[in-house]
Every structure is written in C-alpha cells, then in structure tokens.
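Please look at the sequence and the model first, then read the points below.

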Amino acid sequence: MATITIDGQSYEADPSANLLQAALTLGFDLPYFCWHPALGSVGACRQCAVRQYRDEEDTTGQIVMACMVPVADGLRCSIVEPEAAEFRAEVIEWLMSNHPHDCPVCDEGGECHLQDMTVMTGHCKRRFRFPKRTFRNQYLGPFINHEMNRCIQCYRCVRFYGDYAGGSDLVAMAAHNHVYFGRHEEGILENEFSGNLVEICPTGVFTDKTLKHHYSRKWDMVSSPSVCSHCAVGCNTIASTRYGSVRRILNRYHHDINGYFLCDRGRFGYTFTDAADRLRRPLLHPDRERDVETVAEPAEAMKRIREIFSEATGVAGIGSPRASLESNYALRNLVGSGRFSSGLPRIEHDATTALLEAMRNAPDGPGSLRDAERADAVLILGEDPNNTAPRLALALRQSVRNEPIRADAGSRIPRWHDRAIRDFVQDRKGPLFIAWPASTRLDDLAAGTHRAAPDEIARLGFAVAHAIDPQSPAVTDLDDSASDLASRIARALKEADRPMVVSGTALRSPAIIAAAAATVHALRRTGSGGSSFLAVAPEANTIGDAMLEGAPLETLEQQLESGEVDTLVILENDIYRRLPAPATDRIISKARRIIALDSIATATTNRADVVLPAGSFAESDGTFVNHEGRAQRFFQPLPPAGDVLEAWRWIGRIAAETGTSKQNEWDRLDRVLTALARDCPELAPARDAAPDAAFRANGQRFPRAPRRFSGRTSILSHLSVHEPKPPEDSDSPLSFTMEGHSGQPPAALVSHYWSPGWNSSQALNKFQSEVAGPARGGDPGARLIPGNGPNERPSTAIPAPVPDDDQTLLAVPCYEVFGSDELSARAPAVAERIPKPYVALAPTDAEHHGLDSGDSLNLLIGELRVSAPVRLDPKLPPGLCGIPAGMPGWSVPHLPARASVVT
Amino acid sequence: MAISEQRVILKHVDEPGYDPGIECYVRHGGYETLRKAVGMQPEEICRGVEVSEVRGRGGAGFPAGMKWKFLDRKSGKPIYLICNADESEPGTFKDRQIMHKDPHQLIEGMMVSAFAIQAALAFIYIREEMPQAARILEAAIDEARARGFVGEDILGSGYSCEIVVHRGAAAYICGEETGLIESLEGKRAYPRIKPPYFPAALGLYQCPTIVNNVETLCHVKHVVAIGGEAFARTGSPGNTGTRIWCVSGHVQRPGYYEFECGALTLGEMIHDVCGGVHPGRSLKAVIPGGSSAKILRADERFTGKLKDGTEFDWGLNDIPLDFDSLMACGSMSGSGGIIVMDDRVDMVEALANINAFYSHESCGQCTPCREGSLWMKKITKRMAEGGARTEDTDLLLSIGDQIAGRTICAFGEACAWPTQSFVSKFRDEFLAKASEDSGKRKGLRLV
C-alpha cells in the first residue's frame with residue numbers, strides 16, 4: 001500500500017490504482033464520466049480534476065485529472081482546492097451547454113449520473129445562451145432507445161461496445177462538437193451485450209426500451225436481489241417491479257461472476273413473467289386428450305390432487321433444471337429419491353453427470369467468470385459461450401489481452417490506463433482456442449479453431465492432454481492438422497500462468513468433458529499451478545438439479561411401463577422440449593394422472609390433469625446453483641398474487657394434503673433449506689447463500705422499496721382509500737415497503753444501489769470494499785464444490801474416430817442466445833431477435849443434395865421429421881448439420897443424432 | 001533600409017531556372033550531404049544535431065537533438081521517422097514552398113535523419129489540401145529511389161529505408177504529433193495522453209518514433225553539411241539557424257522570407273522587408289506565430305527578463321524575431337506565420353474568424369475544447385453580427401482561462417490563447433460592441 005495525502009489527510013491506497021479510483025474507494029465524492037471501473041481511464045471528460053502538489057514545499061501545484069494519476073507513495077493532492085473545484089463545475093457547464101433540459105421526461109431522470117455529478121460540482125447557473133445542438137436518433141432494435149441530444153460525448157458507449165464487447169456496429173462518427181454515437185445506419189444493435197449501454201451511459205442516450213413500455217421511476221419501483229434464470233452463469237440481478245409486474249432488470253455486481261455487465265438475454269428476457277401465457281390460476285383438465293380446461297379454485301385443485309394421490313399406485317416426480325433447488329428438493333422429498341427424475345433425457349443427464357464429476361474432481365474446484373477474465377490461455381472444448389453462457393463469452397473476450405500485457409510487463413503501463421494499454425497491445429491476442437462444430441462469435445479472437453464432430457472434439461482434447469503430459473493416453477489415428485493444433489494448444493496452455501479449459505454439456509458428450517478434465521489434470525501434474533476448469537451448463541439450476549441425483553427421464557418411462565408408477569408430478573419442466581414428441585407422448589399417455597406445476601403454459605401443462613400456477617423468479621424465493629457450483633439465493637420482488645405460489649410451497653401443501661408430511665413442515669423457505677441440508681450434506685452450504693428469514697439489522701428488515709418510494713399510501717387509492725396492510729414476507733429478511741434498516745444490507749440482500757448524492761447505479765462504488773473489488777462484507781453465494789486435490793485422475797475413455805458416412809448427416813445441436821432459452825424466448829423483445837428456424841449445412845453437403853441457402857431441407861432424425869430452410873455455414877465440416885436447440889415452437893430435442901435427408 | 005534575406009533552406013527556391021526535378025537538385029550539389037552522412041556514424045550525426053541546437057520549426061520549438069536523444073533504442077522494435085507535413089496553422093505557408101519547389105531537399109533531409117536515427121521506415125504525413133505537393137513528393141521519391149538515395153542499400157551504405165507519402169484527411173488536429181500518429185495508424189486522430197505516449201518511446205504502432213516538421217528536417221541536412229558547431233554559430237544563441245517567416249495580412253509585400261533567427265526585429269520585418277502597412281493606414285496588431293499565437297498590440301510595451309537575465313523594454317517593432325524573444329513577450333514564434341493587422345481590422349470580427357476555425361477543428365475527444373471552443377465561437381460570432389452583450393467580454397475570458405492547460409493536447413492552448421489575448425488586449429473594443437449593440441437591440445430575443 002502507498003501513503004497518499006488528500007487535502008492534508010494521509011491515507012493508505014493501492015499503488016496499482018489511479019487517484020480517482022483510490023479517492024472513490026476512500027469515500028470521496030469526486031465526479032467522473034469517462035472513467036469506468038471495468039473500462040479504465042482515458043482522460044477524455046476532464047471531470048475528475050484535482051490539484052496535485054509535488055511535495056510538501058509545493059503550494060502551487062497543478063491541475064491534473066485524477067483518473068490519469070497513478071497512486072504512488074507520497075502523492076499529494078487536493079480535491080477541495082477552489083480552482084480545481086471551479087474547473088470541475090466548468091466542465092459540467094460545458095457538458096450542459098448542449099444537454100437538453102428534459103430531465104422530467106427522460107427515462108434516466110432520477111437515476112442519472114450526469115444529474116448527480118452536476119449537483120456534486122455545484123454548477124447551477126446557465127451562461128450559455130444559444131440554441132442547443134440537435135441530432136437525429138436511430139432505431140436500434142427492441143432493446144435500446146437512442147436519444148443522442150442528451151449525449152455528453154464521454155465515449156463510454158463505444159469503449160464498452162467496441163473495445164470491451166467486440167461489437168462493430170456502434171461507433172463514434174463526425175468530429176468536434178458533432179461527435180455522434182450510433183450505427184452506420186438505423187438497425188438492430190447486433191452485439192448481445194448491448195443492454196449494458198443502459199448502465200454504461202452516464203445519462204439518457206441509451207435507455208432500456210423494454211422499461212419504456214411500462215415505465216416507472218427508480219424511486220417508484222420495488223426491487224429485490226435476484227439471480228438471472230436464463231442460463232447457468234447465474235448473473236446477479238436486481239429485479240424491479242411496480243403494480244404487480246416486473247419493469248426491468250439491472251445488473252447486481254458480483255465480483256466473481258458478472259461484475260458490471262449482463263447479457264441482453266438476461267436483461268431483457270424478464271417480460272416472460274408478464275406474458276399472456278403465464279399461469280395464474282389452477283387449471284383442471286377433465287379430459288387430457290381433449291383440449292378442455294377449467295379454471296379451479298386452489299381448494300378444488302388440492303381436493304383433486306388428494307384424490308389422485310389416493311388412487312395412485314405410485315407417484316414419480318420430474319424435476320427441472322430451471323426450477324429452484326428448494327422446489328426440486330421438495331419434489332424429491334414428496335415422491336422419494338427412487339422415483340425422482342432430474343427431468344433430463346439420458347443423453348443430457350449423462351453429460352450433466354459427467355460435468356458434475358469433472359467439477360468435483362477439478363483441482364481447485366470449478367472456475368468462475370473472474371478466473372476466465374484473468375486467464376492467459378484458454379481452450380474452449382465443445383462449447384459456444386456466446387450462445388450457451390453469454391456473459392462467459394464477454395469474460396473470455398477480455399482474457400486474450402492478458403498474455404500480450406504480461407509479455408510486455410516492462411512497459412510498466414498501468415492496467416487502468418485503458419487507451420494506452422489497448423494501443424500498446426495493438427492487435428496482439430493471447431492464446432484462445434475453440435473446438436466447436438460451427439463458427440462462433442469468438443472466432444475473431446481465436447488463435448486456432450477445430451471444427452469437427454463431438455467425438456473428434458473429444459479426441460482433440462485428449463490429444464492436448466497427452467501433448468501436455470505423456471502420462472495421459474495417446475490418441476491414435478489423429479489427422480495431422482488436429483495433432484498440430486493439439487501440440488500448439490498444449491504449448492500455449494503449458495506456457496501460461498493461468499491456463500483455463502472451458503467445457504460443458506452443449507454437445508451432450510461425456511467424452512468431451514472427460515477430455516477437458518484430462519487436460520486440466522495433465523496441466524496440474526506438469527506443474528501449472530493456476531490451471532482451471534470452467535464448466536458450462538445450460539440452465540439456471542442444471543447443476544443444483546444434478547446434485548439431487550435424480551434419474552433420467554427414460555428410467556421413469558420404465559417405471560411407468562412396469563406399473564410401479566402411474567402418476568407424475570412434473571415441476572416446471574416442458575418434457576416436450578427434452579425428448580422427441582413421440583417419446584414424450586408415450587410417457588404422457590402411460591401416466592394415468594399428471595400434476596404439473598409451472599409458471600408458464602407449455603405443451604406439458606396442456607396435458608396435465610391438474611396444473612398449479614407456480615411463481616416465476618419474480619414471485620419466488622429460492623436458490624439456483626450456477627455453473628461453478630455456487631448456490632445463489634434469489635428473492636421475490638413481488639409477493640405472489642392471486643393463486644400463484646412458489647413451486648416448493650405448492651409441493652409442501654401437496655405433501656401436507658396427501659399426508660406425506662406434517663402440516664406446515666414445508667411452508668417456510670428456511671425449513672426447506674434445513675431439511676435439504678440434513679438430507680444432502682453436499683448441498684448443506686446452500687443454506688448460507690444468503691441470510692435467513694430471521695436475520696435483522698438493529699431489529700429491522702431490509703426494505704425492498706427505496707427510501708424515496710412515493711405512493712406508499714396512495715398507490716392503491718383508486719381501489720380503496722384505506723391503506724392495505726403491506727404484504728408480509730416469511731421467507732426472507734426483506735420487507736416489501738421502504739421501512740426498515742437504512743444502512744447497507746449484506747451483499748446478498750442488496751435491492752438497490754443508492755447512496756447520498758449517488759442516485760444512479762454508479763452508487764455501486766459505495767457498496768464495494770474497494771472500487772471494482774469484492775462487495776462489502778463479501779460477495780454473496782456459497783460455493784458447494786470445493787474440488788479435489790491434484791491427484792484425482794479423470795476417466796480416459798477416448799472415443800474412436802468418427803467414421804465416414806455418406807448416407808446420413810450427424811445432426812448436432814447449435815445454440816442461439818435469443819431462442820434456445822425457454823423462458824426468455826417468451827419475452828416479446830427477445831422474441832423479435834429470435835432467428836427463423838434453420839438447419840446449418842456445409843456448402844459441400846448442400847451442393848451434394850442439390851440445395852442452396854434458403855431451400856427447404858427435410859430430415860428424418862430417429863422417429864422425428866424435421867423440416868427447415870438451409871443456412872449455409874462454410875465453417876461447418878462436411879457430414880455435419882447444425883440444428884438450433886430449444887427454439888420456441890420448433891424444438892428438436894435429443895441431439896446429436898444421425899439424420900437422413902428425405903426428399 | 002533594405003535588409004537582404006539570408007536564404008539557406010530556400011537558397012535556390014525561386015531562382016530562375018530552378019525546378020523541382022532531381023537533375024536540377026543534383027546539379028546544385030544535392031544529395032552530397034546524404035553521401036557524407038552515410039559515411040558517418042549515425043551517433044555522430046545525432047550529436048551534430050544536438051550541438052547545432054536546431055529547434056523544431058513546427059510550432060513548439062523543441063530542440064530536435066533532444067527529441068532524438070529520447071529515442072528508445074533498446075526496445076528492439078523498429079524505429080520510424082515521420083515528417084509532419086500537415087502544415088495547417090492559419091497564416092503559415094512555408095513547408096508548402098519547400099515541398100512544391102524543392103522536394104529533394106526534404107527527401108535528403110529525411111534520409112539523413114532516417115540514417116541518423118536508424119529508422120526502418122519513413123513517412124511523410126501530408127495535409128490533404130496539398131494534393132499537388134503530395135504528387136510532387138511521390139514523383140521526387142521515385143526519382144530519388146531510382147538513383148539510390150531512397151530505398152534499398154542507400155548509396156551502397158548497406159542502410160535501407162523507404163519513404164511513404166500518406167495523405168491526411170483534412171483535420172488540423174493531425175498536425176499534433178500523437179494525433180498524426182493515430183491518424184497514420186488508421187484511427188480517429190485523437191491525440192494521446194502523455195505519459196506514457198512520448199512518441200520517441202511509444203509512437204507509431206507503439207514503436208519508437210521521431211516526428212519532425214518539414215523545415216526542421218531540411219535543417220538537419222544543413223547541420224550535417226556544415227557541422228553542428230558551425231550551425232550553432234548561425235542565428236543567435238539558443239535560437240540557431242535560419243527561419244522561414246510567412247508574413248500575411250495588411251503589409252505591402254506579404255510573402256515568405258528566410259532570415260537567421262534574431263537577425264532582425266518584428267518592426268524591420270514588417271516595415272522594411274514587407275514594405276509596411278498600406279499608405280494611410282497604421283499598424284494595429286500582429287499575431288507573430290500562426291493564428292493560435294497570442295496577439296501583440298502595436299502600442300504595447302514589453303518588459304521583462306530574458307533567459308540569460310538581460311532585461312528588456314521593447315515596443316512591438318523592437319522584438320527580435322526568434323523563439324525566445326517572442327516567448328518572453330508572452331506570445332510565440334510558433335509556426336512562423338506573422339499576421340499583420342492594420343487599423344481597419346475589427347478585433348471582434350478577427351477573433352470570431354479565428355474561433356470559427358478552432359471550434360471546427362476541435363477533434364471532439366475531451367470536453368474543454370470540444371464544448372468551450374464552440375461556445376467561444378458562438379459568442380464572438382454573435383458579437384460580430386450585432387448581438388453583443390455586456391457580459392460577453394468577461395464570459396469569453398472565463399471560458400478561455402478554463403480551457404488553456406487542461407486538455408489532453410495543446411489544442412486547448414491553441415484555441416484559448418487567441419480569445420485570452422484578443423479580449424484582454426482589446427477589451428475596450430469588445431465592451432464597445434456590447435454598448436453599441438444593446439442600444440440597437442429592441443425587445444427580448446430568445447437567443
């Protein structure tokens with residue numbers, strides 16, 4: 001630590017930081033615009049001016065930009081010095097000269113960094129008496145609204161979008177006072193991280209268009225800490241609501257996971273909670289074959305369930321990777337672990353089990369996104385992160401800068417000096433290798449790619465392991481280009497300080513995961529200390545579901561077949577998305593009775609005798625276990641309205657109703673977690689993912705509503721002038737009102753970022769132990785999988801080479817960031833971005849079958865007929881075809897599989 | 001008193017029969033210095049340039065030898081030489097003469113410099129508005145290459161270096177050396193922040209780079225030709241060699257004139273060399289170093305101490321034309337563009353014109369000049385068009401004062417100095433505008 005002096009007081013500061021960062025960490029209110037903790041400094045806005053003095057003798061000093069001054073021992077500066085303060089106010093005056101006075105009608109108003117900084121500098125009198133500049137705004141797609149007149153030219157947007165996220169369709173154009181940030185022409189912003197512009201922009205140029213459709217001010221929204229339900233990364237979010245509906249999702253900082261950024265699927269997918277096909281009332285289907293449904297009162301539904309249970313010879317439960325740990329566990333407890341299915345078909349189940357095993361065996365436990373961001377050599381084996389775990393792709397994009405920066409450590413350019421370090425790195429990229437059947441959106445960074453069938457990808461992985469450590473078995477009959485690539489990858493990983501192997505279940509191949517694990521262990525055996533295994537899983541709670549060790553769906557089919565089971569309870573799972581429709585139909589028709597719980601109407605709920613309306617993430621408390629085995633609690637921003645209940649609570653009521661458990665045994669989240677901890681020791685730490693419901697600060701709950709919440713007493717006055725009693729929350733230490741503890745809650749309970757003078761999300765600086773560091777009091781969540789020591793040997797079954805097959809194509813799943821996720825695909829804004837159905841084909845194969853781009857291709861995959869237009873992918877190897885997974889209304893489950901072309 | 005020019009750079013330029021072709025240049029002893037240079041040790045040339053004390057002719061007047069000394073030779077990266085031919089300071093037209101009329105002198109100067117710093121590649125970054133000069137240079141480089149003065153194995157020395165002519169994209173900021181480098185790299189010409197960007201260490205493509213002005217590079221040739229010590233004896237101490245002054249505005253004989261530094265005064269330049277202001281007019285003010293230099297009033301007294309401690313008390317006409325004297329008078333010799341104004345000039349209009357230029361040329365990277373220069377322009381434009389307000393004068397000064405010294409590059413000073421100096425030195429004229437105009441204004445105006 002360095003000792004610095006600010007306004008005559010000595011402080012300790014981190015010498016790897018700049019003065020602005022240090023001042024903010026120390027709690028000073030120093031205004032800034034162009035600097036961003038994740039983007040670093042460029043010194044463009046000139047807002048963070050302070051006066052720096054050479055030494056104690058120096059009384060004159062000079063005005064410097066704090067973001068450009070490295071912290072060093074003996075640094076002396078003044079923030080309050082009048083000339084510096086006057087200059088900071090002048091910068092605001094300049095910026096305001098063209099900033100419209102439209103705060104009252106601006107979406108950013110009330111949570112605007114520019115407003116905050118204006119107040120902070122004290123500028124208030126306008127001397128600029130000219131008309132303001134007028135720009136034309138652009139249509140930027142369904143996510144982002146553009147209002148260029150508000151722009152203060154801080155350059156953050158293009159620095160994030162281009163430099164950080166790799167997007168090329170948002171740039172700075174024109175010069176001097178007309179610098180314009182936009183696209184070359186109107187159109188959808190292509191990059192899947194565009195939503196971060198909403199939070200990156202210090203004012204209202206880029207705002208959330210989905211929020212605009214049901215706008216509410218920040219101070220009018222009731223929010224809670226949540227966890228994104230759209231993939232397994234588990235980005236922390238803040239979900240904000242008003243009048244019973246979710247209005248927006250904001251980033252909630254987690255040092256090890258999402259940091260400052262979310263992907264667009266996570267930010268804009270929330271409106272599924274309000275979609276027309278939401279289930280809000282219990283439904284009865286008197287005749288499952290005919291599409292007749294009646295809305296029932298909960299008591300009536302429960303009565304029906306009691307009947308079903310009393311008639312049943314055996315009840316089995318189908319869990320779900322998108323349901324919370326509590327709901328899955330409650331179901332397992334209801335039906336008994338022998339009759340509990342993970343809800344996955346064998347092909348996905350086996351891959352997930354292999355992944356979980358690899359995670360448990362990983363030398364230091366599974367890696368986090370922060371590890372990925374800091375890795376200096378990466379091998380992606382059988383994953384397409386941009387589409388399967390988008391936020392991970394953003395982390396990996398940063399990783400390629402590490403090796404060039406490390407190699408030139410002699411330059412001594414501080415890491416925060418963004419402009420200099422980017423110029424310094426130029427186009428050099430550290431090693432990132434991608435093995436995936438088709439092209440990916442990280443290819444522009446890749447030092448090498450291997451595009452092949454899943455088994456060939458696994459063989460490459462084993463070859464890398466062998467090249468690192470000859471103790472790993474050799475792969476026979478590997479072609480020259482693959483073995484060259486394997487040795488290049490091996491060299492890069494061995495030379496790295498922090499090598500990382502990324503792998504997952506995307507191709508449903510246990511062999512790929514085993515190969516990735518073999519590589520990590522080979523690295524560890526040969527002495528690479530920091531080697532890390534990063535597991536990618538598809539859904540929000542895939543790992544948590546797998547840890548409950550249910551059986552695959554096919555086992556259940558056998559149980560139905562044998563008559564051991566005749567009744568199913570299906571938890572938040574549309575099994576038509578998991579198995580081909582004929583197979584699913586068989587399961588459904590073999591089940592005499594089906595009880596389904598879900599928040600959305602699906603093909604599966606349509607065929608259930610009883611459907612119970614479960615809360616979505618917005619109406620539930622629960623825990624998801626993310627891709628690194630971190631249990632994370634999400635809290636409901638909305639009290640469940642009407643008949644909606646959390647799925648685990650419904651299951652608890654079923655258990656009480658049917659006599660499988662005592663009354664009230666399951667009506668509290670903490671009781672479910674206690675039982676879970678007792679039954680599943682590995683999952684026990686999940687209890688500590690967040691404070692329990694009894695937790696208080698000074699005897700007070702933590703408010704979901706901001707202190708400035710308006711309408712506390714009038715929000716429902718159009719219905720009744722009597723103020724209703726606020727909803728109670730028995731499951732968390734949060735309250736639904738603004739009453740409660742006014743200080744900062746523990747990180748797991750942060751419902752909004754606010755601090756005096758800081759109304760925008762940049763108040764986050766005040767919630768961190770140091771700027772861009774861990775949350776105060778530690779980051780939330782509990783790691784469940786510590787990993788094993790270096791000696792664990794992964795299994796090493798190397799697949800045989802994929803034989804040439806002229807007759808059929810190998811259909812492999814490919815993924816779409818917008819479309820492959822079931823829930824977000826129901827959000828209208830995301831739905832606009834979902835591509836039309838397609839089958840990706842190599843040009844040579846297309847030619848062979850006389851097909852061109854756009855022509856209709858008919859495939860027979862097992863018993864399933866698939867028809868879709870051809871999309872040519874020149875990167876796809878011949879013999880393979882790619883079929884997007886999980887597309888709404890067009891789901892082709894159970895891949896990879898052989899497909900024959902039918903004419 | 002007739003004062004005759006002391007032409008060195010422009011020695012042959014404008015001589016009858018002298019053309020820009022290589023034959024003519026070689027006939028006049030061209031490329032002999034390069035021949036001499038490649039026979040020397042590179043370090044010896046660098047030392048010569050250092051001893052010569054030749055200062056940069058682009059505007060800042062930084063000693064070229066010192067700049068070369070900062071070159072990071074240990075990096076192992078290629079070294080680049082860039083000739084800054086983006087001459088765009090209003091009132092400056094000297095480099096254009098060299099490129100148009102004696103291109104081989106520049107090429108020879110560049111090759112001598114390139115050899116001295118052992119550059120791997122040399123660039124001429126030329127202003128887009130000089131397409132003819134670019135064509136002349138390209139033709140000249142071809143001629144020189146054909147004779148072994150440029151390219152592979154120069155004059156059998158084993159040293160090879162190419163020259164690439166790169167046309168700019170018409171932005172003043174590309175004359176700022178780091179902005180130029182960014183532009184040359186294909187990016188927006190946003191000046192870089194120093195530190196860490198000292199081009200001598202981290203320049204073009206983050207390699208050690210020397211950026212010198214056209215005239216400076218020509219001087220290097222003469223330094224090598226006569227030797228550093230001999231060069232240092234020309235001009236005045238610390239202000240060595242000759243300079244080309246570009247005189248424009250209200251004088252009878254505007255044009256470019258080459259003199260040794262300090263060999264004559266500003267008065268001699270205006271009155272004797274350029275024939276003074278037109279009959280019936282009187283001298284009102286002079287901008288001595290391109291439009292960004294602070295203006296000097298004709299009736300101003302300049303007192304103070306020079307670097308060597310000698311006290312001075314000068315009128316405008318007494319100021320010696322060199323780097324240090326003009327600096328001591330609170331202005332600068334800048335790019336050598338002397339703009340003379342007689343009593344016809346409306347100072348508010350003149351400043352409005354200058355402000356219009358700088359607000360248009362602000363690159364837009366940092367706030368003070370992007371927003372401030374436009375604001376100053378809007379105020380002066382309105383004042384010039386009959387809408388002056390009493391508060392405008394002080395407002396202009398307050399904006400200018402906040403810009404200067406607080407921007408990423410020196411453009412902040414370039415756009416603030418005219419306003420600061422015009423308004424403070426001709427305050428009465430600015431205030432008078434306001435009282436004139438407030439009488440004229442009827443009713444409330446929105447803007």
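A residue is called buried under 20% relative accessible area, exposed over 50%, and partly exposed in between, with a 1.4 Å probe and protein chains only. A:Asp29 is partly exposed because its relative accessibility is 37%. The model is a predicted one, in which local features need pLDDT of at least 70 and side-chain atom pairs count only at pLDDT 80 or more, while totals for chains, interfaces and linings use all residues; side-chain values use heavy atoms, with hydrogens and water left out. Residues are numbered from 1 along each chain as its sequence is written, and chains are lettered from A and ligands numbered from 1 in the order in which they are written.

**Surroundings of A:Asp29**

- A:Asp29 sits in the loop between helix H1 (19-25) and strand S3 (49-53) of chain A; helices (H or I, at least four residues) and strands (E, at least two) are DSSP runs numbered from the N terminus.
- Leaving aside residues up to four places away in sequence, A:Asp29 touches A:Met120, A:Trp758 and A:Lys766, where contact means heavy atoms within 4.5 Å.
- The side chain of A:Asp29 makes polar contacts with the side chain of A:Trp758 at 2.9 Å and with the side chain of A:Lys766 at 2.7 Å.
- A polar contact is a pair of N or O atoms within 3.5 Å; within protein, one must be able to donate a hydrogen and the other to accept it, and residues adjacent in sequence count only if both atoms are side-chain atoms.
- Between A:Asp29 and A:Gly757 there are 728 residues in sequence but 8.5 Å in space, C-alpha to C-alpha.

**Interface of chain A and chain B**

- Chain A brings 41 residues to the contact and chain B brings 43 residues.
- About 3500 Å² is buried between chain A and chain B, with 54% of it on carbon and sulfur atoms; buried area is the accessible area (1.4 Å probe) that two parts lose on being put together, summed over both.
- On the chain A side, A:Trp94, A:His176 and A:Arg419 lose the most area to chain B, together 21% of what that side buries.
- The interface of chain A and chain B holds 6 salt bridges, each a side-chain nitrogen of Lys or Arg within 4 Å of a carboxyl oxygen of Asp or Glu.
- B:Lys187 and A:Asp423 form a salt bridge, with the closest N and O atoms 2.4 Å apart.
- Polar contacts across the interface of chain A and chain B join 26 residue pairs (both at pLDDT 80 or more).
- Strand S4 (62-65), helix H2 (82-97), strand S7 (171-173) and helix H15 (418-425) of chain A each give two or more residues to the side that touches chain B.
- H2(A) gives the most to that side of chain A, with 9 residues.

**Domains 2 and 3 of chain B**

- Chain B is divided into domain 1 (22-233), domain 2 (244-342) and domain 3 (347-440), with bounds from an automatic or database domain assignment.
- The C-alpha centres of domain 2 and domain 3 of chain B are 23 Å apart.
- Contact between these domains of chain B involves 12 residues of domain 2 and 13 residues of domain 3.
- Domain 2 and domain 3 of chain B bury about 1100 Å² between them, 66% of it from carbon and sulfur atoms.
- Between domain 2 and domain 3 of chain B there are 2 salt bridges.
- B:Glu300 and B:Lys425 meet through their side chains in a salt bridge (3.0 Å, N to O).
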